[in-house]
Amino acid sequence: MSDRLSALLQRFELHARVFHSGVLCGMADFDGGTGVGHLHLVRRGPVGVTDTQGRHSVVHEPSVLFFPRAGAHRLDGGERATADVVCASIDFGAGDENPLLRGLPPLLCVPLAQLPGLDLAQQLLFSEAQASRCGHGAVVDRLTEVLVIQLLRHAMAHRLVDGGVMAGLADARLAKAISALHADPARTWTLDAMAERAGMSRARFAAHFTHTVGVPPGDYLTGWRLGLARTLLRKGLPVKQVAAEVGYASPGAFGRVFLQRLGTTPTQWQHSDAVARP
C-alpha cells in the first residue's frame, strides 16, 4: 500500500519540542490555551493522568500518552518521585486545519509493550534526554517526531481509531483515494474519479466513505482544501495563488466556498490571523 501519512505530514509539518525529561515529582499541569498538543513518554510509573475531559486514570507500565490537540490536562507523579517521564509539545496543524487532528481521540494511551517497533526510538530518546551532548535538544526533538509518526502508524495498523481520516487511511480501498486527494488537491476530483482510485463503484464508494470517515467524500475534499488554504494564507501567499494551489478555478469561486464554510473571506481571514499572531 502507498504511503498514507507522508502527504499529510508534508502539508502540515510536524514539530516536537521536548521540555521535560526525568523524574516527575508531584503534579504538572498543561495549559489548553497553547494551541499545541502534547506527548508524554512514561518510562516508569505510576503516573496519575487527568485528561482533557476531567477523567482520571493511573498509568503503571511504560506507555505513550498522546494528546493530539490542545487541551488542559494533568500528570501526577506522586510524592515519592519515582515516575520518570519525557514531555514534549506537538504541533502539526493549527486549529481544525489538519484533518488528522480532528480524527484522533482526545487521548491516545498505548503501553510500550504493544509497540515493539518503537523500542529503538524510545531507547534512543531516553538516552539522549539524559545526556548533554552537542546537539542534544535537536536530537531529542527529532526522535520525538519519529515516535509520533510510529505511533500513528500503529494506530492505523491496529485500527485504534474508528472514525475520521485515520479510520479512512486504515481502510485499504479508501486509503488509495484519500492519499490521492492529499497528494494532489488541485486536481478536479469528481466522485467518479475518487471511486475509481478506490477500485469501487460510485455508490458503494460514497456510502463506505461516509460511514467510515464520517462525512461524504465531497465534504472531506472541501475541508482538506480549506485547511491547506489557511496554512498557505498564514504564510502570506496571495489569495489568487492559494486558490489555484488548492483546486479552485478562480479566486471568486474559492472566496465563496471559504465564506460559506468559515464565515469570512480569505483576505479578511488572512488579515485577522496576522493580527492575532504574536
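Contact here means heavy atoms within 4.5 Å. By that rule, serine 57 touches Val47, Gly48 and Val49, leaving out residues up to four places away in sequence. The model is predicted.

- H9 supplies the largest share of the lining, with 4 residues.
- Among the lining residues are Pro99, Arg102 and Gly103. Others on the list include Gly164, Val165, Asp219, Tyr220, Gly223 and Trp224.
- Val213 and Val215 also line this pocket.
- Sorted by class, the lining has 6 nonpolar, 3 polar and 2 charged residues.
- Rolling a probe the size of a water molecule over the atoms shows where empty space is left.

**Helix H6**

- Helix H6 covers residues 172–183, which makes 12 residues.
- At 1.5 Å a residue, H6 should span 16 Å. Its end C-alpha atoms are 17 Å apart, so the two values agree.
- Which residues of H6 are buried? They are Leu174, Ala175, Ala177, Ile178, Ser179, Ala180, Leu181 and His182.
- The cover over these buried residues includes helix H1 (6–11), H5, helix H7 (191–198), helix H8 (202–213) and H9.
- At the start of H6, a side-chain oxygen of aspartate 171 comes to within 3.0 Å of the backbone nitrogen of arginine 173.
- An α-helix has 3.6 residues a turn, so residues three or four places apart point the same way.

- Arginine 197 belongs to helix H7.
- Its relative accessibility is 41%, so arginine 197 counts as partly exposed.
- Beyond its neighbours within four places in sequence, arginine 197 contacts Lys176, Ala177, Ala180, Arg187 and Trp189.
- Arginine 197 and alanine 172 are 25 residues apart along the chain, and their C-alpha atoms are separated by 11 Å.

**Glutamine 270 and its polar contacts**

- Glutamine 270 sits in helix H12 (residues 266–276).
- Its side chain reaches the backbone oxygen of leucine 233 at 2.9 Å.
- A polar atom of the glutamine 270 side chain also lies 3.0 Å from the backbone oxygen of leucine 237.
- Not counting residues up to four places away in sequence, glutamine 270 touches Leu233, Gly236 and Leu237.

- Most residues other than glycine have a negative phi, and most peptide bonds are trans.
- Where is the cis peptide bond found? The bond joins glycine 45 and proline 46, with omega at about 0°.
- Proline 46 is in the loop between strand S3 (37–44) and strand S4 (47–50).
- Arginine 159 has a positive phi, near 50°, and is not a glycine.
- Arginine 159 lies in the loop between helix H4 (136–157) and H5.
- Is arginine 159 buried or exposed? Its relative accessible area is 53%, so arginine 159 is exposed.

- Valine 110 is part of strand S9 (residues 108–111).
- With a relative accessible area of 2%, valine 110 is buried.
- Setting aside neighbours within four places in sequence, valine 110 is in contact with Ser63, Val64, Leu115, Leu151, His154 and Leu160.
- Valine 110 and phenylalanine 66 are 44 residues apart in sequence, with 8.6 Å between their C-alpha atoms.
- Valine 140 is in helix H4.
- Valine 140 is buried too. Its relative accessible area is 3%.
- Valine 140 and valine 86 are 54 residues apart in sequence, and 9.8 Å apart in space, C-alpha to C-alpha.

**Back to serine 57**

- Serine 57 is found in strand S5 (residues 56–59).
- How exposed is serine 57? Its relative accessible area is 38%, which makes serine 57 partly exposed.
- Serine 57 and leucine 75 are 18 residues apart in sequence. In space they are 9.9 Å apart, C-alpha to C-alpha.

Definitions and conventions: Residues are numbered from 1 along each chain as its sequence is written. This is a predicted model: local features need pLDDT of at least 70, side-chain atom pairs count only at pLDDT 80 or more; totals for chains, interfaces and linings use all residues. Side-chain values use heavy atoms; hydrogens and water are left out. On a 1 Å grid over the protein atoms alone, a cavity is a set of points where a 1.4 Å probe fits but cannot get out, and a pocket is an open set with protein on both sides within 12 Å along at least five of seven lines; lining residues have an atom within 4 Å of a point. Helices (H or I, at least four residues) and strands (E, at least two) are DSSP runs, numbered from the N terminus. Ala, Val, Leu, Ile, Met, Phe, Trp, Tyr, Cys and Pro count as nonpolar, Asp, Glu, Lys and Arg as charged, and the others, Gly among them, as polar. A polar contact is a pair of N or O atoms within 3.5 Å; within protein, one must be able to donate a hydrogen and the other to accept it, and residues adjacent in sequence count only if both atoms are side-chain atoms. The expected span of a helix is 1.5 Å times one less than its number of residues. Buried means under 20% relative accessible area, exposed over 50%, partly exposed in between (1.4 Å probe, protein chains only).
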